[in-house]
Amino acid sequence: MAGYTALLEDVRRRVSESADPTARRLASKFGYLKYMVVRYYEMLGSWDRVEELLEAFEKPLPRAIRVNTLRFGNPREVIERLERLGYRFSKIPWEHHSYVVTKAGGVSLGATHEFLLGGYYLYRGVASLIPPLALSPEPSDVVLDAAAAPGGKTTHIAQLMGNRGVVVAADISRERFRALRSNLERMGVENVVALRVDSRKIPEIFGEYFSKSLLDSPCTGEGIIQVDPTRKTKTLFEDLARAHRRQVELLTAVVRSTAPGGLVAYTTCSIAPEENEFTVAEVLESVGGVRVVKPAVEVELEPGIVDYFGIRLPEQLSLCGRTYPHTHGFEGFFVCVLEKIGP
Amino acid sequence: MRCVVGGGEVFEHVARLHGSRAAEALREYVPLYCAEPLEVYLMRAELMHAVERILKSGRFPYFAGFYAGRLRSDKPRFIPSHVLLDRLYKHIGHPVRAVKISDAGIRVVLYGRDVLAESVVECFEPVEAGEVVSITGPDGYVYAVGLSKISSCGEIGRLREKDVVAKTIFDLGWYLRSGTVPREARYKV
Ligand SMILES: C[S@@+](CC[C@H](N)C(=O)[O-])C[C@H]1O[C@@H](n2cnc3c(N)ncnc32)[C@H](O)[C@@H]1O
């Protein structure tokens, strides 16, 4: 266990020592474990902002769709067909083919004919659209999607690549893999090689093979409490540390599978620094040969955290991006783009 | 799950069912045959290198490219996927071996029910009893694949409203009902 993973023990101690009465009050008001709220103060720097975050987690997430240009050559056709069912949308300015649902129509969005025809992908939150844009895959790329199921990001990547180039979509879960197969088929994706595997094995199979890699990592979901309110009480600090260790193993494998000069996007639907900045910091230190670069996306992101309970993280982590429900109006989420330094 | 690359069987079936012009649409694709029963995927040559790496490591891809359909030892010997059919029709400019049905008919078919004569608005030759037939909507997209009960489009005029024109063996409602069931269970035949 190297430096930053070991420092999580310091974080745990400081969090458990905190006796702040405001943390206790807010934890009890919103039904959270106290240690979570103590950390939110450390992330956001004021109790007002913490309360805004907790209030935002009480509100439902706006749903979004990405129109699939691989099946419908004219994206307007999909929107017009859904409008005839009573739906209304507002365009997301930073993703060409994506829309927030502003009014629901008569048929559920997961059951329309347009959905079955692969006319769109349905998202429970808007932030999921950011990682593929941050990776900016092109038709000439060989892409790894190392935690791909059920395929929201794989299908988006395929669309950005115009169904050309190569995407290796890997996931370990048998059940989720079937959903991935279903989604890729429905959406008319044809540039994917699907591999059911523990992605920690990918370097053994491919070596330094990929020009762009995405790790949409398994995480504790601390950014989507709107969707799963049980998350307020079900995850202990030890669970965060366990998730961190798994993420470090996966990210290490993904960095090792990426060719020199290539990009790696690491992302989670969690706002926990333990699963995000600490994971990236650990890999920067233990694997080496990578540096953080700013994600090339049009959406404004909050900077990555570099000071947490008095622990200094590498300054370059401020180039990573975060979203919070109270500042962005969608799920809490983290993205960090690493560049593998060439030979 | 085993997969092998190559072999032209799928192209022969496409040419037999949909004509040689339709088969031309697939010229740049390499077949990948996976699993039991035999599922056919078609991939562009670009994907071959990654597939070979996987095979060399002693593993098999779950699939690669797009799903083209299933090969069988009995009739129908090849069940094309709706994705393949949409692609073929786009290439040749019109459907073949197909019935176009009304919106009301589509709604019923998407629950897995059979196609009745009353919902057929157009029929595209050739059709052949016991062989596959595409079920398209008024928008031209393939919503289901069935087994034809008729041997020529002319027969439809002689059927009663509730007579079955095609037995549905796959419909897009499958993505909703059973998107995560094993692929072996996909077809009702
Ligand atoms: C956040 S989800 C991915 C969501 C997906 N990227 C999307 O956009 O639809 C994380 C995924 O990681 C997978 N996973 C967990 N551990 C893994 C491992 N060791 N190797 C490969 N996949 C793994 C899980 O099965 C899960 O599907």
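Ground rules. I worked from a predicted model, in which local features need pLDDT of at least 70, side-chain atom pairs count only at pLDDT 80 or more, and totals for chains, interfaces and linings use all residues. Residues are numbered from 1 along each chain as its sequence is written, chains are lettered from A and ligands numbered from 1 in the order in which they are written, and side-chain values use heavy atoms, with hydrogens and water left out.

Entry, total. I looked up the salt bridges (a side-chain nitrogen of Lys or Arg within 4 Å of a carboxyl oxygen of Asp or Glu). Over all chains there are 41.

Entry, Arg76(A). I found Arg76(A) paired with Glu80(A), closest N and O atoms 3.6 Å apart. Both sit in helix 5 (residues 75–84) of chain A, 4 residues apart, about one turn of the helix. Helices (H or I, at least four residues) and strands (E, at least two) are DSSP runs, numbered from the N terminus. Arg76(A) is partly exposed at 38% relative accessibility, and Glu80(A) is partly exposed at 38%. Buried means under 20% relative accessible area, exposed over 50%, partly exposed in between (1.4 Å probe, protein chains only).

Entry, Lys153(A). I noted a salt bridge from Lys153(A) to Asp216(A), with the closest N and O atoms 2.7 Å apart. Lys153(A) is in helix 8 (residues 152–160) and Asp216(A) in strand 8 (residues 210–216) of chain A, so the pair ties together parts 63 residues apart in sequence. Lys153(A) is buried, at 13% relative accessible area.
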